[in-house]
Amino acid sequence: MVDTDGEASAIDKVADLGRDIGGYIKQQRDTAKISLRQLSKLAGVSNPYLSQIERGLRKPSAEILQQIAKGLRISAEALYVRAGILDLPVGGPVPDAVRADTELTERQKQVLLDVYESFRRENENTRRSTPEESTVDGNRAADSTE
């Protein structure tokens, strides 16, 4: 027995994702002050196809999203999350605040998040390698023999 209500619901969800990603791409393009034609050239995607994506008529592949992200100079991850390809990254107070800031572009948000995560990884590696010799700021305590 086939659940037609479940099938219709799944199809509606996919259509919603297509409209959502298209609207998001258009919003990012408008914010960057790039015309549809310019973005199509930057991304290597045909102008009509990009227009259909923005209007929610087509759902782009991960590869096309990566090309569009490159053209917009934003993170492909942001587009993958919006398209439902990736789950929303794990948050926390700092990443959540950065992502919620409406004054920053997607590219600025991604750069801040990358720097933040690199500091966290560096501190974690320092703690793992020498836990008894580390200080709070991640620097080694002075050796008493120096």
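Student: In which helix is the place of Gln28?

Tutor: Gln28 has its place in helix 1. Helices here are DSSP runs of H or I with at least four residues, strands are runs of E with at least two, and both are numbered from the N terminus. The model is a predicted one, in which local features need pLDDT of at least 70 and side-chain atom pairs count only at pLDDT 80 or more, whereas totals for chains, interfaces and linings use all residues. Residues are numbered from 1 along each chain as its sequence is written, and side-chain values use heavy atoms, with hydrogens and water left out.

Student: Why is Gln28 called buried?

Tutor: Buried means under 20% relative accessible area, exposed means over 50%, and partly exposed lies in between, with a 1.4 Å probe and protein chains only. Gln28 has a relative accessible area of 11%, so Gln28 is buried.

Student: Which residues is Gln28 in contact with, leaving aside its neighbours within four places in sequence?

Tutor: Contact means heavy atoms within 4.5 Å. With those neighbours set aside, Gln28 is in contact with Leu72, Ile74 and Glu106.

Student: How many helices and strands does the chain have?

Tutor: There are seven helices and zero strands, and the pattern along the sequence reads α-α-α-α-α-α-α. Of the 146 residues of the chain, 27% count as buried.

Student: What makes a set of residues a nonpolar core?

Tutor: A nonpolar core is a set of buried Ala, Val, Leu, Ile, Met, Phe, Trp, Tyr and Cys residues joined through side-chain atoms within 4.5 Å. The largest such core here has 21 residues, of which Ile25, Leu39, Ile68 and Leu79 touch the most other members. Helix 1 (4–31), helix 2 (36–43), helix 3 (47–54), helix 4 (62–72) and helix 5 (76–83) each supply at least two residues of this core. In soluble globular proteins, nonpolar side chains tend to be buried together.

Student: Which residues is Leu79 in contact with, its neighbours within four places in sequence left aside?

Tutor: The partners of Leu79 are Ile21, Tyr24, Ile25, Leu65, Ile68, Ala69 and Ile74.

Student: Why is Leu65 called buried?

Tutor: Its relative accessible area is 0%, and therefore Leu65 is buried. Leu65 is found in helix 4. Not counting residues up to four places away in sequence, Leu65 touches Ile21, Ile25, Pro60, Leu79, Tyr80, Ala83 and Ile85.

Student: Where is Ala83 found, and why is Ala83 called buried?

Tutor: Ala83 is found in helix 5. Its relative accessible area is 2%, so Ala83 is buried.

Student: What is the angle at which helix 2 and helix 4 pack?

Tutor: The angle is about 115°, with the axes of helix 2 and helix 4 8 Å apart. Axes are lines fitted to C-alpha atoms, for helices over the stretch in contact, and angles run from 0 to 180 degrees between N-to-C directions. Leu39, Leu42 and Ala43 of helix 2 and Gln67, Ile68, Gly71 and Leu72 of helix 4 make the contact.

Student: Why is Val45 called buried, rather than exposed?

Tutor: Val45 has a relative accessible area of 6%, and so Val45 is buried. The place of Val45 is in the loop between helix 2 and helix 3. Val45 and Ile64 are 19 residues apart in sequence and 7.6 Å apart in space, C-alpha to C-alpha.

Student: Why is Lys33 called exposed?

Tutor: Lys33 is exposed because its relative accessible area is 73%. Lys33 lies in the loop between helix 1 and helix 2.

Student: What is the phi of Lys33?

Tutor: Lys33 is not a glycine, yet has a positive phi of about 55°. Most residues other than glycine have a negative phi. Arg73 also has a positive phi, of about 60°, and is not a glycine.

Student: How do you know that Arg73 counts as exposed?

Tutor: Its relative accessibility is 54%, and therefore Arg73 counts as exposed. Arg73 lies in the loop between helix 4 and helix 5.
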